[in-house]
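Look at the chain shown here and follow it part by part. The paragraphs below start with how strands pair and then move to single residues.

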Amino acid sequence: MVNNQILLILPIVLALTIPISTMEIFAQIGSTYGYGLDADYGVSIVPGASQQNNTYHFYPPRIAVPTDTTVAWLNQDVGQPHTVTSGQPGAADSGSVFNSGIMPAFPVRSFEYTFSQSGDYLYYCIIHPWRVASVSVNDAQFTGESFDIGLGSGATWDISTNPRVLLDITPKLAVLDGVTPISYKVTINNGETNKTIFSNIFTTGGKSLPLELVSGEGNETRSYGPDFTTTGAYHVQSDFKKGTYSISVAVVAYNDRPIERPVVATFNLPTTTS
Ligand SMILES: [Cu+2]
């Protein structure tokens, strides 16, 4: 009885969510489904993906992540089976890197893959092969005394090629046990004007902080996430431009106790538009 009600309600929730913006659906993967996944990043197989005229099959269609990122694809297209298959339709090596097989038509089935090798990975759905999506994997890293930061952007962020890039912020001085809450303060300054465009505190459950920079229209910088209720990437959307951004990170609380003198690491991320 309860299950039937959920199945009836889900399409209505999705239908109400779509017009707000695709971004909102993505941000609400967790809150809509209360779905706990142990991945770093969520890609949605969007409602309507089975239809050829749908703008997206996978959203976001192109991401750039550091090596060792685990991506989870969620089938949010209620009632439709899909696949997540590496390569291009018809290519001989199609499916040789990863292949989910048929993801059943029930709401929210997921497939995960960890990208341990740098490179550009195309993928598609065998059932609906008209939208090829991609994951760019980069092994560039900022290495400091207190933090290692994986740069999905590479050393320079080309905003035109990759409008969204994932950073993975790993503290060296805190124990990552997968449980104990760690709060990170992230501040982004525009290197040209020296103005702070963003400052916020993000908390993970004993994990590094996957934080995606999203180049978007509009003057207001905003953040959203995480992708899976309590785990997964957070996102910062801003009108990022060609120049340099200075990014400062610090662990400001551990196990919900504030750290008195947090160690701050700062690095520059140059940006370009091709
Ligand atoms: Cu499909």
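Two strands count as paired if DSSP finds at least two bridges between them. Strands themselves are DSSP runs of at least two residues, numbered from the N terminus. The strands involved are β1 (residues 41-45) and β4 (residues 69-75), which run parallel and are joined by five bridges. The model in which this is seen is predicted.

How confident is the prediction? The average pLDDT of the chain is 87, and 86% of the residues score at least 70. Residues 1-34 have a pLDDT under 50 throughout, and the model has 34 contacts beyond four places in sequence for them. Where pLDDT is low, the predicted coordinates should not be read in detail.

The pair β1 and β4 belongs to an open sheet of four strands, whose order is β2-β1-β4-β6 and whose pairing is mixed. Which strands stand at the edges? They are β2 and β6 (109-115); each has a single partner strand, so one side of each is left without a neighbour in the sheet.

Is Phe58 buried or exposed? Phe58 has 23 C-beta neighbours inside 10 Å and therefore counts as buried, since the cut-off for buried is 20 or more. Leaving out residues up to four places away in sequence, Phe58 touches Val43, Ile45, Arg131 and Ala133. Phe58 and Cys125 are 67 residues apart along the chain, and their C-alpha atoms are separated by 9.1 Å.

The peptide bond from Tyr59 to Pro60 is cis, with omega near 0°, and Pro60 lies in the loop between β2 and β3 (62-66). In the loop between β3 and β4 lies Asp68. Asp68 has a phi near 75°, a positive value in a residue other than glycine. With 15 other C-beta atoms within 10 Å, Asp68 is partly exposed. Another cis peptide bond joins Gly225 and Pro226, with omega of about 0°; Pro226 is in the loop between β16 (222-224) and β17 (234-238).

Next comes strand β12 (residues 164-171). Seven of the eight residues of β12 are buried, so this strand is largely enclosed by the rest of the structure. Five bridges connect β12 with β10 (residues 147-151), and the two run antiparallel; in this pair, Gly150 stands opposite Asp168. Strand β12 also runs antiparallel to β15 (residues 209-215), to which six bridges join it. There, Ile169 has Leu209 as its bridge partner.

The loop between β12 and β13 holds Leu173. Leu173 has 12 C-beta neighbours inside 10 Å, and for that reason counts as exposed. Its contacts, not counting residues up to four places away in sequence, are Ser146 and Val263. Leu173 and Val263 are 90 residues apart in sequence, yet 9.2 Å apart in space from C-alpha to C-alpha.

Strand β13 (residues 181-190) pairs with β14 (residues 196-205) through nine bridges, and the two run antiparallel. Within this pair, Thr187 stands opposite Ser199. The two strands form a hairpin with five residues between them, and Asn194 in the turn has a positive phi of about 60°. With 8 C-beta neighbours inside 10 Å, Asn194 counts as exposed. Strand β13 is also joined by nine bridges to β18 (residues 243-254), again antiparallel, and there Asn190 stands opposite Tyr245. Strands of a sheet pair through backbone hydrogen bonds, either parallel or antiparallel.

Methods
Residues numbered from 1 in each chain as written. Predicted model: local features only at pLDDT ≥ 70, side-chain atom pairs only at ≥ 80, totals over all residues. Contact = placed C-beta atoms within 7 Å. pLDDT = per-residue confidence, 0-100.
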